[in-house]
Amino acid sequence: MAEPEAQLLLGVGLVEKDTNGDALWVWCYPSITAELRNLLLRKCCLTDENKLLHTFVFGQYKRSWFYITTVEVQDSPALKKVTHFSIVLTAKDFNPEKYAAFTRILCRIYMKHGTPVKIMESYIAVLTKGICQSEENGSFLSKDFDARKAYLAGSIKDIVSQFGMETVILYTALMLKKRIVVYHPRIEAIQEFTRTLPALAWHRQDWSILHSYVHLNEEEIEALKACTGYVAGFTDSEVSSRQDLYDVYVNLADSEITISPGVKEAMTMGKLHKEIGQLIVQSAEDPDKSDSQVIKDISLKTKEILTTLASLTEVSDGNEKPTLNSEVLKQKRFPPATENFLVHLAAAEQMLKI
């Protein structure tokens with residue numbers, strides 16, 4: 001059962017760019033901290049020098065998701081001195097499609113009426129009833145957008161067609177809860193790519209590891225470093241020199257994946273990885289398979305590996321989580337890279353005795 005909107009939506013805000021070219025935070029409901037307001041102004045393309053308009057961006061900061069839709073004002077008698085504006089939503093859940101649809105409607109409402117009161121009315125309607133309807137601005141029904149749909153919305157096939165066998169590096173990094181940093185100058189490319197990666201570890205269905213739009217800003221970097229494993233997207237090429245931030249670096253613009261020296265041992269590739277890589281490529285290249293079928297194929301292989309891992313564990317004290325029995329593992333005489341991967345996977349799945 002999905003949580004009602006009242007427990008998911010956190011707030012709504014409005015940023016305007018006026019005819020003088022100043023971008024200002026105009027209004028929000030309920031109140032917002034200065035820290036979060038500065039972050040959202042940074043994410044909102046209206047404060048950007050390069051003047052590029054990004055219609056929709058999303059990301060996460062300290063467990064809150066933000067979704068920002070930006071539009072140019074055209075022929076709106078209600079907004080004479082405004083050239084562009086952004087509607088910002090913050091929420092507890094990852095669902096870009098849902099919040100893109102909702103912010104688009106809020107933009108149309110604001111374009112027409114030019115008053116935040118109307119934004120608030122629709123926001124409250126969704127907050128309390130999960131729906132906002134209007135003749136001319138379209139209607140929005142939050143239960144049309146479930147979380148699973150959002151998890152499956154990205155294209156795993158696109159990733160495999162770009163990286164081929166190297167996709168297994170991304171799979172391994174995700175399985176072992178490593179830190180992945182992705183760089184591309186275009187935020188849209190970053191968002192599309194990074195949002196899909198958590199699906200490679202489908203058994204966890206954990207999108208809280210996704211930070212799809214990060215700036216090299218002190219507070220943001222501190223917040224990121226507080227997370228164990230993550231997928232973080234950057235549009236600033238300087239991030240490549242920040243080796244303190246990643247175990248695996250993906251230069252999406254050049255289709256290059258780099259494994260940092262510190263994790264080379266944990267990420268040693270062997271026969272098992274080759275098998276997984278071939279399975280991923282074969283499944284993704286099958287024209288009859290949808291993206292979700294490819295994810296299912298990969299997750300079945302993961303299940304097989306986790307079953308093997310479970311067979312090598314024991315419960316020592318009745319109530320404890322099963323832990324890896326390294327004697328049993330050694331007796332199995334797996335190839336070194338497989339044994340190494342299983343040990344590191346056990347650590348990631350909290351199956352190691354500390």
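Lys225 forms a salt bridge with Asp244, with the closest N and O atoms 2.8 Å apart. Here a salt bridge is a side-chain nitrogen of Lys or Arg within 4 Å of a carboxyl oxygen of Asp or Glu. Lys225 lies in helix H9 and Asp244 in the loop between strand S10 (230–234) and S11, so the pair ties together parts that are 19 residues apart in sequence. Lys225 is partly exposed at 39% relative accessibility, and Asp244 is partly exposed at 32%. Buried denotes under 20% relative accessible area, exposed over 50%, and partly exposed the range in between (1.4 Å probe, protein chains only).

The model is predicted: local features need pLDDT of at least 70, side-chain atom pairs count only at pLDDT 80 or more, and totals for chains, interfaces and linings use all residues. Residues are numbered from 1 along each chain as its sequence is written, and side-chain values use heavy atoms, with hydrogens and water left out. Helices (H or I, at least four residues) and strands (E, at least two) are DSSP runs, numbered from the N terminus.

By the salt-bridge rule, the count comes to 15. Two of these pairs involve helix H2. Glu35 forms a salt bridge with Lys62, the closest N and O atoms lying 3.1 Å apart. This pair links distant parts of the chain, 27 residues apart: Glu35 is in helix H2 (residues 34–43), and Lys62 is in the loop between strand S3 (56–61) and strand S4 (64–72). Glu35 is partly exposed, with a relative accessible area of 37%.

Arg42 forms a salt bridge with Glu220, and the closest N and O atoms are 2.8 Å apart. Arg42 is in helix H2 and Glu220 in helix H9 (residues 218–225), 178 residues apart. Arg42 is partly exposed at 25% relative accessibility, whereas Glu220 is buried at 5%. Elsewhere, Lys271, Glu275, Lys301 and Glu304 are linked in a network of salt bridges.

The structure holds one cavity of 30 Å³ or more. A cavity is a set of points on a 1 Å grid over the protein atoms alone where a 1.4 Å probe fits but cannot get out; lining residues have an atom within 4 Å of a point. The volume is the space filled by probe spheres set on the points, which are joined across faces, edges and corners. The largest cavity contains about 80 Å³ of space. Its lining includes Leu39, Lys62, Phe66, Tyr213 and Glu220. H2, S3 and H9 each supply at least two lining residues. H9 gives the most, with three. The lining divides into seven nonpolar, two polar and three charged residues. Ala, Val, Leu, Ile, Met, Phe, Trp, Tyr, Cys and Pro count as nonpolar, Asp, Glu, Lys and Arg as charged, and the others, Gly among them, as polar.

Gln191 is placed in helix H8 (residues 187–196). Gln191 is buried, with a relative accessible area of 5%. The Gln191 side chain reaches the backbone oxygen of Phe58 at 2.5 Å.

Strands S11 (residues 248–251) and S12 run antiparallel and are joined by four bridges. Strands pair if DSSP finds at least two bridges between them. Val248 has Ile259 in S12 as its bridge partner. S11 and S12 form a hairpin with four residues between them, and Ser255 in the turn has a positive phi of about 55°. In a regular strand, side chains alternate between the two faces of the sheet. In S12 (residues 256–259), Ile257 and Ile259 make up the covered face, and Glu256 and Thr258 the uncovered one.

Notes:
On a 1 Å grid over the protein atoms alone, a cavity is a set of points where a 1.4 Å probe fits but cannot get out, and a pocket is an open set with protein on both sides within 12 Å along at least five of seven lines; lining residues have an atom within 4 Å of a point. A polar contact is a pair of N or O atoms within 3.5 Å; within protein, one must be able to donate a hydrogen and the other to accept it, and residues adjacent in sequence count only if both atoms are side-chain atoms.
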